[in-house]
Every structure is written in structure tokens, then in C-alpha cells.
Amino acid sequence: MNQDKASLQALTASGPHGTFFGVSQECFDRVWQSLTADQGDSVTYVSMEIGADRDVYHPVKDRLQKLAATGDLSPELASWAEKFINGPSKIPIYSGGLGILAGDTLKSFADCHLPVAAVSLLYRRGYFSQLVDMNLGQVVWSKEWSPAKVPGLYLLHQPGDPATPLTVTVNFHDRDDRPIRAVAQLWMKLETSNDLDFFVPEILLDYDLPESPEWIRNASHQLYDSSSESAKAIQRRLLGAGVLPVMQVLGLTAKTIHLNEQHGVVLVLALITEILHHRLGDDFRATASDQDILAAAEEAARRVVYTIHTPVKAGHDRFPSSLYHGLEHSFFRRILQLLAQDDQNPEVYNFTALAMRVNRATNSVSRLHREVTRTQFPQYRQRITAITNGVHHLTWISDAKAEVYDAFPELGGWRRDPGAFAGAEKLVANPKFRRAFVDAWAKDSEQLINSVNGMLSHHRHQRVSTWIDPPNYLSYLSKADGLLDPGVFTFGFARRFSTYKRADLIFEDLDRLAAILTTNGWPVNFIYAGKAHPADEPGKILIKNILNVQEELFKKSKGLAKLVFVSDYDMAVAKLMVAGCHAWLNSPKRPLEASGTSGMKAAMNGVPNVSIMDGWWVEGYHQGKTGWKFGYEGPITAEMLSEHRAELLYREDAASFYEMLPELLGAFYQRRESSDFLDRCIMNLTLNCPIFNTHRMAAEYVERYQLQLPAELAARMEKFRALYRSDDSA
């Protein structure tokens with residue numbers, strides 16, 4: 001057998017529902033057995049969105065490229081290589097932070113060999129694509145994609161019948177409790193470990209089938225469809241009610257179900273009815289008392305772990321109870337009436353309240369968010385703990401920085417164990433490392449700036465070829481004036497455009513900002529990116545505000561300040577920005593940013609954060625050793641949760657930013673090889689990389705899951721937990 005055919009066999013596996021590429025048969029069988037074992041010592045992870053685009057992390061593609069470099073590929077392997085190397089890289093079923101966190105989490109579950117399967121929805125129109133016009137602002141459009149063409153995404157089939165897709169049925173109910181069948185076919189993506197010796201299956205429910213009613217199919221097409229309250233409610237139900245049928249048809253036996261936010265919480269209705277059916281028999285709907293339902297809910301709660309991600313009102317699903325006449329069976333509505341009461345409105349079902357009530361463990365996503373959540377839900381205070389978010393270090397560290405990390409033995413083993421970054425403290429005073437790090441950073445900066453300049457040049461041509469008015473003032477200038485310089489200090493800001501995130505905060509007083517730059521002769525680039533939800537009109541106004549200040553800022557700063565907006569933000573843009581900018585800007589109103597993971601991605605690349613003391617930065621600031629802070633730091637009260645524009649502290653926090661800015665820019669424009677600025681960059685590696693990674697986060701979740709792991713793996717998880725315990729200082 002030649003090497004290529006041996007390699008092909010080593011990367012191909014078959015199961016009852018299909019043939020998959022990227023792991024060995026032995027690996028596939030071992031993982032699938034752990035997920036279907038009778039003891040149920042595994043986890044089902046439920047998320048409304050999962051962000052795992054292949055253009056930022058692709059271990060299977062990397063392996064194929066290495067094989068290709070060794071010689072000619074066999075015809076069998078070449079066909080796989082063509083698809084994985086050159087096929088579509090986008091799986092557009094995420095909107096931003098929540099979904100990207102889910103993808104990072106699953107990658108670490110795979111790297112750590114944890115028995116987890118994920119369940120989400122497949123959206124035929126993804127989230128939305130974004131055009132940005134100077135006059136119109138954000139322009140939303142949908143882009144169809146073909147799941148069948150995406151390498152690593154497989155349509156599952158019936159056992160022994162490859163021509164027939166594997167399906168599940170979810171029943172809705174009309175006003176007379178008659179069932180309305182919604183049918184979904186199942187797709188699977190293998191989230192493989194970096195070494196291709198383990199994987200986490202992501203099961204995606206695709207309801208866009210002729211067997212499903214048109215109104216259900218329409219609601220399934222686009223992530224976070226906000227065309228109506230009904231569409232939102234249907235979508236949440238398609239996820240939550242599909243979890244147990246997926247587990248049943250695939251034989252998944254997990255005793256623990258992890259809700260990544262409350263979007264899929266209606267699955268607890270199915271858990272409760274299963275328990276009641278078992279206890280009371282076929283006539284349980286007629287015979288169950290309220291006390292029976294509450295007792296069943298307590299039992300169901302023992303299977304559920306719940307992560308709450310935001311204190312912001314818009315992040316918590318509330319639906320009029322009248323809407324569920326025609327969606328849910330009357331018995332399910334009775335359960336909701338008992339368990340999903342809304343304190344402010346008895347005519348509304350509050351899904352966050354339901355999730356908070358029916359679980360065995362609730363966690364926030366940072367220490368500060370834990371205190372905010374306890375303020376919002378004082379009745380559950382004792383149950384609310386903290387597991388601070390992290391990011392998948394192998395995804396977000398740039399190739400140039402990774403090459404440097406590989407070259408120094410002080411960081412040995414960092415790919416498998418992010419705790420190895422603690423050794424970076426020895427490198428702070430190492431001239432060789434400092435030079436190598438600066439050189440790698442220059443490569444990253446050049447890559448980012450070249451990408452942005454290419455966009456600006458394209459926009460110059462676009463002005464005469466389309467109706468779109470380019471969104472950047474620089475595109476209206478000559479090429480000499482309208483390009484960015486990679487050697488100039490560059491702020492990066494990229495996230496969802498929501499009012500509490502205050503994207504335009506630092507432009508509150510353009511005169512003062514411009515004066516700081518002109519007085520000192522400091523040039524600065526500001527690179528912004530992000531989407532506003534199509535239904536979020538104030539968020540779209542924020543984007544327009546960024547566009548509107550570009551020309552005035554440029555002129556008042558005498559050309560020193562160049563502000564650019566990059567449209568259609570995605571994971572590929574994010575990776576360029578977090579590695580290539582010189583500081584990561586974060587300006588939410590404290591304490592409304594529950595965590596914020598984009599700044600962690602920057603820290604993985606040694607990029608310092610410049611942030612309000614909110615979310616993860618309260619833990620990552622380290623008394624100024626890793627970056628800069630500004631803005632309000634006062635106590636957390638219920639009044640501080642207000643999102644009204646007049647109470648967003650623009651004037652006060654902007655003034656604080658301007659006071660801090662000269663120190664920051666002064667540090668950068670010193671000779672960087674010996675500067676305080678570079679010290680802070682390298683201290684991010686030693687202080688923040690070992691903490692804010694999803695390997696450590698996964699290890700903390702293992703405790704919540706109560707998994708019984710083999711001794712060697714349990715010891716590895718304990719080692720990760722020892723790096724940082726989020727719930728300390730409670």
C-alpha cells in the first residue's frame with residue numbers, strides 16, 4: 001500500500017450514518033462509543049449559533065497540504081484535497097461573539113478529548129451579509145450558501161440507505177392541540193482536534209424540507225430572524241424541541257445538557273413531559289397536578305447546565321403567552337405558566353427565568369458578570385457562579401506569532417498546553433525574543449494594513465462602477481493620501497454594534513482628540529468593523545456615526561487620524577485585526593459587557609487592550625501590566641444597568657479616554673524594542689494567555705458536567721483548572 005492510500009485510510013471513517021474525512025476509523029469508533037455508551041457520561045451542548053469557519057482554523061486542510069508537499073497525491077486523496085484545500089470555507093451560521101465562543105469551546109473540547117456532541121440549527125441564508133454605504137449606512141442582504149459544497153459538512157443518511165437522509169420530527173400544535181409536523185434532516189460537522197485524534201460532532205438541524213410547513217421553513221432560514229415575534233419564537237422552538245429527537249435517533253446518551261444561553265430552553269418542556277409520562281403513564285396530561293409538574297422540573301433540572309451571557313434586556317427572550325396558542329400544546333403552555341413567569345408582565349413567558357429555574361448549575365461568563373447576574377436574579381444568588389470565557393488559542397494566534405512562540409523553549413508545548421505561556425515572563429528581558437516578536441508583529445500589521453488598503457483601492461474603483469458610495473472618506477482622496485501606513489499606531493475595534501458598546505465613544509470630542517495628536521505629531525489609524533442586528537435601529541445609527549466623523553477627524557487632525565470602517569465583518573477579518581493592530585479598543589458602559597472575547601484574541605497575540613473596566617478586562621488588566629484602562633469604575637448597582645442613551649456616560653468616559661491617550665501613544669512611539677509598551681505586550685503572554693483560553697474554560701466546565709474521566713485525562717483537566725479558578729474571590 002503506498003503512502004497516500006495509507007494516509008487516505010488513516011483519515012477516513014465510516015459509521016451507520018455516513019463516511020467522514022479527517023479522522024481515523026479507530027478515532028471515530030472510540031469517540032462515537034463514548035457518546036452512545038449506556039452510562040451517559042458525556043454532554044450535549046446546545047447553542048443557537050456556532051462559529052467555526054475553516055479560513056481561520058483548519059487542521060484537516062493543514063494535514064492535506066503537508067501531504068501534498070511530500071509528493072504526488074493518489075487520485076483518491078487528491079479528490080479530498082481539492083475539496084478541503086480549495087472548497088468553500090464559510091459556514092455562515094453565526095452572528096458574532098456567542099457563536100464564535102461556541103466554536104472555540106467545541107475546538108477545545110476536541111483538543112482536550114472530552115466526550116461532547118453539539119446541537120444547533122442550519123440556516124440556509126446564514127446570518128446576513130453587510131454592505132456599508134457612506135450615505136445609507138448598513139445595507140443588509142442575504143446570501144444563499146450550499147452546505148453540500150462545504151468540506152467537512154456531511155448530510156447524514158439512514159443506516160444502510162445512503163440515498164435517504166436521516167431525519168427527525170418535531171411537533172408543533174394548533175389551537176386544538178392537533179400536531180403539526182416539522183421535519184428536519186441532519187447535517188454533521190466534525191470539529192477535529194489539532195492532532196486529528198479526537199473530534200466533537202456538531203449536529204445541525206435543517207428544517208428547509210417539503211415535509212415541513214412553509215411558515216416553519218421560512219422561520220428556519222436566517223439566524224435571529226426578527227421579522228416577527230412569531231418567527232423568533234418558532235426558531236427558538238426548532239432548536240430546543242429538536243435536541244431530544246436528535247439524541248434519540250443518533251443514540252446519544254448524555255446525562256448532561258449544556259444550554260449555551262437560553263435560546264434552546266424549551267427542551268426542558270420535553271424533559272419534564274418525559275418524566276411525567278414515566279411516572280404517571282399515558283394519561284399524564286390529564287392527571288398531573290401542579291405539584292407533579294414542579295417535582296418533574298426539579299428532576300429535569302439535574303440534567304441541565306446553563307450559561308447566561310448578558311445582562312442586556314434584548315438578550316433575554318420574552319414572548320407573549322398568546323403567541324403560543326398555535327405553537328405549543330396546551331400542556332406545554334401549562335408548564336410555561338408555572339415555570340416561565342415574568343416578574344414585570346404576567347402575560348409574557350420569560351425564557352431566561354425558565355432557564356434560571358430549571359438547571360443544576362448556572363454560570364456567568366466573568367467574575368464581574370457574576371455579581372451583575374446575582375443583582376438581576378437575587379433569588380438564585382447561591383447557585384450563580386463564574387466561569388470566565390476564553391478563546392481557542394490555536395485559532396486566534398497568527399502564523400507569524402506562532403512561529404516565534406515555537407522558536408523559544410520557554411514556551412515549549414504551548415500548542416497543547418496554553419499554560420506554557422506562563423514561561424513568557426522569562427522572555428520579557430530577552431533581546432532576541434523582543435526582536436523576533438516585533439518582527440512578527442510587523443508582518444501581522446503589514447498583512448492587516450495591506451488588506452485594508454486593498455479594500456480602499458477597490459472602493460475607489462467602485463465609486464464609478466456601482467451605485468454604492470464607499471463608506472470610507474479615504475476612498476475619496478488620492479491614493480497618496482488615502483492609504484494607511486502599517487508603521488502607524490493602529491487601534492482595532494470590532495464587535496456587534498449595539499448601543500451599550502458605545503462604538504463612537506472616543507469621538508465624542510473631536511477637537512480634544514485631534515489636539516492630542518497634532519500637539520505631539522502622533523499619527524493614528526482607527527480600524528472599525530462590525531454589524532448591527534437588522535432590527536436594531538440605534539445600532540445602525542452607531543455605524544452611521546462612525547462614517548460621519550471620518551472626514552472631520554481627518555481634517556481636524558491635519559491628516560494624522562485616519563478612520564476606516566471594514567464592512568462584512570467575519571472571523572477572517574477578526575483574525576487579521578486582533579493580530580495586526582497595536583491596541584484593542586473596548587468601550588462599553590460598565591457593567592453591561594458580560595465578558596467580551598475579542599480582547600482575549602488580541603491578548604493571545606500580545607496586543608494590549610485599552611478598555612473600560614468591564615467584563616473579562618477586570619480580570620485581565622493586572623494593575624496595568626497588560627494594557628490600559630479608562631472610564632467609570634464605581635460600584636455595580638441596579639441603576640447602572642440602564643441602557644438609556646442619556647445614562648450611557650459618554651461625556652465622562654470619553655474624557656477619561658483622552659486623559660489616558662497621551663500615556664499610551666507616548667509609550668508606543670518610543671523605541672519599541674526597549675519600551676514600556678512592548679513590556680506590556682509580552683506580559684499579556686505570561687499573564688493572560690494561560691487564563692483566557694477555552695482549554696482552561698473547558699476544564700472548569702468538566703466540574704459542572706460531573707464527568708468521570710480516565711485518570712490521565714482527569715489529571716490534565718485539573719492542571720488546566722489550576723491555572724485559574726474563575727469562581728475564586730466569590
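The legends below describe close-up views of a predicted model. Local features need pLDDT of at least 70 and side-chain atom pairs count only at pLDDT 80 or more, whereas totals for chains, interfaces and linings use all residues. Residues are numbered from 1 along each chain as its sequence is written, and side-chain values use heavy atoms, with hydrogens and water left out.

View 1. Helix 3 (59–69) and strand 11 (179–192) each supply at least two lining residues, and strand 11 gives the largest share, four residues; helices (H or I, at least four residues) and strands (E, at least two) are DSSP runs, numbered from the N terminus.

View 2. The strands follow the order 21-20-19-22-23-24, with parallel pairing, where two strands pair if DSSP finds at least two bridges between them. Strand 21 (561–566) and strand 24 (627–630) stand at the edges, and each has a single partner strand, so one side of each is left without a neighbour in the sheet. From one strand to the next the twist averages 20°, with axes as lines fitted to C-alpha atoms, for helices over the stretch in contact, and angles running from 0 to 180 degrees between N-to-C directions.

View 3. Strand 19 (residues 489–494) and strand 22 (residues 583–586) pair in the parallel sense over two bridges, and the bridge partner of Phe491 in strand 22 is Ala583. Helix 19 (residues 537–556) packs on the sheet, touching strand 20 (524–529) and strand 21, and its direction makes about 155° with that of strand 21; contact means heavy atoms within 4.5 Å. Helix 20 (residues 571–580) also packs on the sheet, touching strand 19, strand 20, strand 21 and strand 22, and its direction makes about 145° with that of strand 19.
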